[in-house]
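Subject: Structure for you to look at, with notes

Dear colleague,

I am passing on the structure we spoke about, and my notes follow it. Please read them with the model open beside you.

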Amino acid sequence: MKLLVIGSGGREHALAWRLAKTPGLVKVFVAPGNAGTARENGLQNVPLSSPQELADFAQRENVRLTVVGPEAPLAAGIVNLFRARGLTIFGPTREAAQLESSKDFAKRFMLRHNIPTARFASFSERAAAHAYVDEQGAPIVVKADGLAAGKGVVVASNLAEAHAAIDQMLPPAELEATRDGSVARVVIEEFLDGEEASFIVMVDGRNVLPLASSQDHKRIGDGDTGPNTGGMGAYSPAPVVTPEVHARAMREIILPTVRGMAADGIPYTGFLYAGLMVGRDGSVKTVEFNCRLGDPETQPIMMRLQSDLLNLLEHAVAGRLNLVEASWDRRVALGVVLAAANYPAAPRTGDPISGLPGNSNDSHVFHAGTSEKTDGRIMTAGGRVLCVTTLAENVRQAQKRAYDLITRIHFDGMQYRRDIGHRAASR
């Protein structure tokens, strides 16, 4: 039996690592993978990235199931291509992936189907966007419409920050006519007050299987300061997702989304990530949708998953998620991202990494932006380099275990937050 995981980040390392635990599995290919997946038992990197090459490979190797990690190939239509060639793949089609690839699409979808979210307006012209911000005031949120690797969001605390974000995301009027045919757009939203959580489910077009709750840390600095990143760490479960909040998220957001997509003629299959804003009164609103697993949320979630992941995926592609349940380790999992120098603005690459600890039953170092030299040295190769992930009885113990491991690891310019899990630890 052969499986294929598409992607090169920490999310894909964690997915492939969990799939490799499937009894009787022959091999998990990771395309293109990283230095961590290259060294993981049961995994094999394949240096492919184009959808056509990946489909050819899956057909040639008789791959039983392909799982797509990142959003870019989904937005490019890799699921459409695989399905057209009779290949089994888990993920949303290009049309369904618009829930992430276009924030304007997602907001209009939510408005149409009465899914709770922040008030918004979309703009393709700077002048109109600036005028709207002046009218609304701050704090206010400015989002790039398309894919931005989790970094195309500015939570502006004042008008100057909001105007600067608009100027960064939209071209000047004199350049609009010279673009490549695509139209840059920003979505400007009201600021929502509350606590964010990551609510991720598996969807088979009709049925939904919720995964364990988690909470991401987007800002680069301790105390949630500095610019947004792709995510500096996460933990699972998230205490803010109480049973009542879970029920509301399913009833008011997830199920209406799945039904709405089907009603619109674009049924959704794949992982669906709803970023939730949980109000002090227990209300929930949708901050954003992602059409895949979160990163770094996947790493703690996969550490806690006790079910056979392949079994869950096979029920999903067969439209039978209603017949299966997921079981979870009762312990807390926590992951701390180690990022490269100058991340997120202009991350440096090519720094040697030393001191990587061995993995155990309750700790695993998942690789993201890494590469391996011919002499065996592991180097930084991206903004988020590693995710040190641990299991423990509670958040404080998981924190201690993770940060103790981090003291052994070194690369020049290494930066990380020292307060991952602070919201849960303070409860």
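The largest share of the lining of the largest cavity, three residues, comes from strand E22 (residues 384-392), where helices (H or I, at least four residues) and strands (E, at least two) are DSSP runs numbered from the N terminus. This is a predicted model, in which local features need pLDDT of at least 70 and side-chain atom pairs count only at pLDDT 80 or more, while totals for chains, interfaces and linings use all residues. Residues are numbered from 1 along each chain as its sequence is written, and side-chain values use heavy atoms, with hydrogens and water left out.

To stay with the cavity, the structure holds one of 30 Å³ or more, a cavity being a set of points on a 1 Å grid over the protein atoms alone where a 1.4 Å probe fits but cannot get out, with lining residues having an atom within 4 Å of a point. The space in the largest cavity comes to about 40 Å³, the volume being that filled by probe spheres set on grid points joined across faces, edges and corners. Its lining is formed by Gly10, Asp295, Gln299, Val337, Ala368, Arg384, Leu386 and Cys387, which divide into four nonpolar, two polar and two charged residues (Ala, Val, Leu, Ile, Met, Phe, Trp, Tyr, Cys and Pro count as nonpolar, Asp, Glu, Lys and Arg as charged, and the others, Gly among them, as polar).

In H9 (residues 159-169) the buried residues are Ala162, His163, Ala165, Ile166 and Met169, where buried means under 20% relative accessible area, exposed over 50% and partly exposed in between (1.4 Å probe, protein chains only). Because they cover an arc of only 155 degrees around the axis, they lie on the same side of H9, the arc being that of the directions from the helix axis to the C-beta atoms. Ala160 and Gln168, on the other side of H9, are exposed. The cover over the buried residues of H9 includes helix H8 (126-136), strand E7 (140-144), strand E8 (153-156) and strand E9 (186-190), contact meaning heavy atoms within 4.5 Å.

In helix H3 (residues 51-60), Leu54, Ala55, Phe57 and Ala58 are buried. Their arc of only 160 degrees around the axis puts them on the same side of H3, and what covers them includes strand E1 (2-7), strand E2 (27-32), strand E4 (65-68) and helix H5 (78-84). Asparagine 62, in the loop between H3 and E4, has a positive phi of about 55 degrees although it is not a glycine, and at 63% relative accessibility asparagine 62 counts as exposed.

Glutamate 195, in strand E10 (residues 195-204), counts as buried because its relative accessibility is 12%. The side chain of glutamate 195 makes a polar contact with the side chain of glutamine 215 at 3.0 Å (a pair of N or O atoms within 3.5 Å; within protein, one must be able to donate a hydrogen and the other to accept it, and residues adjacent in sequence count only if both atoms are side-chain atoms).

Finally, two peptide bonds deserve a look. The bond from serine 236 to proline 237 is cis, with omega near 0 degrees, and proline 237 sits in the loop between strand E15 (233-236) and helix H10 (243-263). The bond from tyrosine 343 to proline 344 is also cis, with omega near 10 degrees.

With best wishes

How values were computed. On a 1 Å grid over the protein atoms alone, a cavity is a set of points where a 1.4 Å probe fits but cannot get out, and a pocket is an open set with protein on both sides within 12 Å along at least five of seven lines; lining residues have an atom within 4 Å of a point.
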